[in-house]
Structure formats: structure tokens, C-alpha cells
Amino acid sequence: MIRVVLVDDQALFRAGIRMLVASQPDLEVVGEAGDGREALAVVATTRPDVVLMDIRMPVMDGLTATAEILARPEPPRIVMLTTFDLDEAAARAIRQGASGFLLKDADPEFLLAAIRTVHAGSSVIAASATRELFAHFAEAPRPVPPQYGELTEREREIFALAARGLSNAEIAAREFLSEATVKTHISRILTKLALRDRVQLVVFAFEHGLA
């Protein structure tokens, strides 16, 4: 069962998402909050797997709440909710460690798939939209850190495909590998580069001119 917390200042929006999520046999809403400060307490008490976090809220915004939650031990995955597809605040949240972003008017099935995708960690939500977001708000590339040089040639090939947003299954099919082998490669890459997940891998690629 995937445990979900909803954070949004619009009660009607939360109610709709709660009904949608609760209709799924593998998903469960374990808490809700109407602002970032309330979210800190709810997440601490419910220990969710995934948090859907609105960016713009009163009292404490989603960016601040996300940073505080991710600073805790064993934090949940956080997906930012926004009304704009090119939202600089969403890009900032992902740089802080959020696991992706969703438009508030996303198709219900897409939202459900996004929750499962983030929990599984095998691909990136809306990979093309995520790449477009970082391309739009790109800064001058930073020097490539020495740990990138520790990747094997095969790992660099897998890194490049993952940076383009390909899932484990897509990489496996393209490279004639098993999904288990791809998963192992991705795990080693994340460990060597000290990255939390695949979304951070995409961010790393853009920030260092490797995308």
C-alpha cells in the first residue's frame, strides 16, 4: 500500500484528489494539510511514502515545507503541484530534492500513475516536461565534478539515457539488457554521484552540461 499525504490550501481540490486516490486498491490517503506548516506536522505523524505538495500556499509555502521535510531522516518522495508547466518554483523545488512536478489539471489517470512512478523510482514523471522545465531555466553549466569520472563507460551510457528521461524498461529494450541489470546500473550511478533519485540525475545532467 502506498501511503499518500495531500497538501493544498484548497479544500475542494484536496477532496477531489482524496476521492480519486482512495478509489485505488494500492493507494491510501493517510493525511491532509492546508498549508506548509501544517504539512510538517502531518508528515511527521503519518510517515507517508509520497506527498503531493502545492507550491503556493499561505502561512508556509510548498518550497519551504519541501526543504524542511527533505532535511529529515528518511523523507518521503515529494511531488510538487503547480498550475504552470514552466514554473520556476517547481524547478527550484526539484533542485532541492523534490521528485517531480504535476500540473493541477493533469488527467486523473496520469496523476495516479505519477504517484506510483515516484514510489517505484523506475522512471521520471513527465520526462519531456521535466527536461523542458530545466532547459527553460538553465543556468551556466557548472564544472563536471570528479565523481562523474568514476562512472564506467557502460554507466555513462546508461546515465545519458536516464538523463533523457527513459525508464528502466525503455533503457533495457534499447540496450538489450534486463530491467534488473538496468536497475543495478542506475543504483550504482546514483550512489557514485551521491544523487537521491532519477529526477536528481536529470538535474545533475542539466546543471553540468551533460544533458
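This is a predicted model: local features need pLDDT of at least 70, side-chain atom pairs count only at pLDDT 80 or more; totals for chains, interfaces and linings use all residues.

**Charges.** I counted 23 positive and 29 negative side chains in the protein chain. The centres of the two sets lie 4 Å apart.

**Overall build.** I looked up the secondary structure next and got ten helices and five strands. The radius of gyration is 17 Å, close to the 17 Å that the globule rule gives for 211 residues, so the chain is as compact as a globular protein of that length. Along the principal axes, the C-alpha atoms fill a box of roughly 50 × 40 × 30 Å.

How much of the chain is buried? Buried residues make up 49% of the 211. For contacts with a separation of 6 or more, I found that 66% are between residues 24 or more positions apart. The exposed surface comes to about 9900 Å², and carbon and sulfur atoms supply 53% of that.

**Helix 3.** I went through helix 3 (62-70) and listed its buried residues: Gly62, Leu63, Ala65, Thr66, Ile69 and Leu70. They cover an arc of only 165° around the axis, so they sit on the same side of helix 3. What covers them? The cover includes helix 2 (36-46), strand 3 (50-54), strand 4 and helix 4.

**Glu74.** Phi of Glu74 is near 45°, a positive value in a residue other than glycine. I flagged it because most residues other than glycine have a negative phi. Buried or exposed? Glu74 has 67% relative accessibility, and the cut-off for exposed is over 50%, so Glu74 counts as exposed.

**Ala194.** I noted another positive phi here, about 55°, and Ala194 is not a glycine. Ala194 lies in the loop between helix 9 (179-193) and helix 10. With 67% relative accessibility, Ala194 counts as exposed.

**Helix 6.** Which residues of helix 6 are buried? For residues 127-136 I got Ala127, Thr130, Leu133 and Phe134. These cover an arc of only 125° around the axis, which puts them on the same side of helix 6. Their cover includes helix 4 (88-96), strand 5 (101-103) and helix 10 (198-207).

**Gly165.** Ala127 turned up again when I checked Gly165, whose contacts, leaving out residues up to four places away in sequence, are Ala127, Arg131 and Glu170. Gly165 and Ala127 are 38 residues apart along the chain, yet their C-alpha atoms are separated by 4.8 Å. Gly165 itself is in the loop between helix 7 (153-163) and helix 8 (168-175). Its relative accessibility is 12%, and buried means under 20%, so Gly165 counts as buried.

**His208.** Last stop: the segment after helix 10, where I found His208. Which residues does His208 contact, leaving aside neighbours within four places in sequence? I wrote down Pro141, Arg142, Pro143, Val144 and Pro145. At 11% relative accessibility, His208 counts as buried.

Terms used. Residues are numbered from 1 along each chain as its sequence is written. Side-chain values use heavy atoms; hydrogens and water are left out. Helices (H or I, at least four residues) and strands (E, at least two) are DSSP runs, numbered from the N terminus. The radius of gyration is taken over C-alpha atoms; the globule rule is 2.2 Å times the number of residues to the power 0.38. Buried means under 20% relative accessible area, exposed over 50%, partly exposed in between (1.4 Å probe, protein chains only). Contact means heavy atoms within 4.5 Å. Accessible areas come from the Shrake-Rupley method with a 1.4 Å probe; for residues, only the protein chains shown count as cover. Lys and Arg count as positive and Asp and Glu as negative; His and the chain ends are not counted. The place of a charge is taken as NZ of Lys, CZ of Arg, CG of Asp or CD of Glu. The arc is that of the directions from the helix axis to the C-beta atoms.
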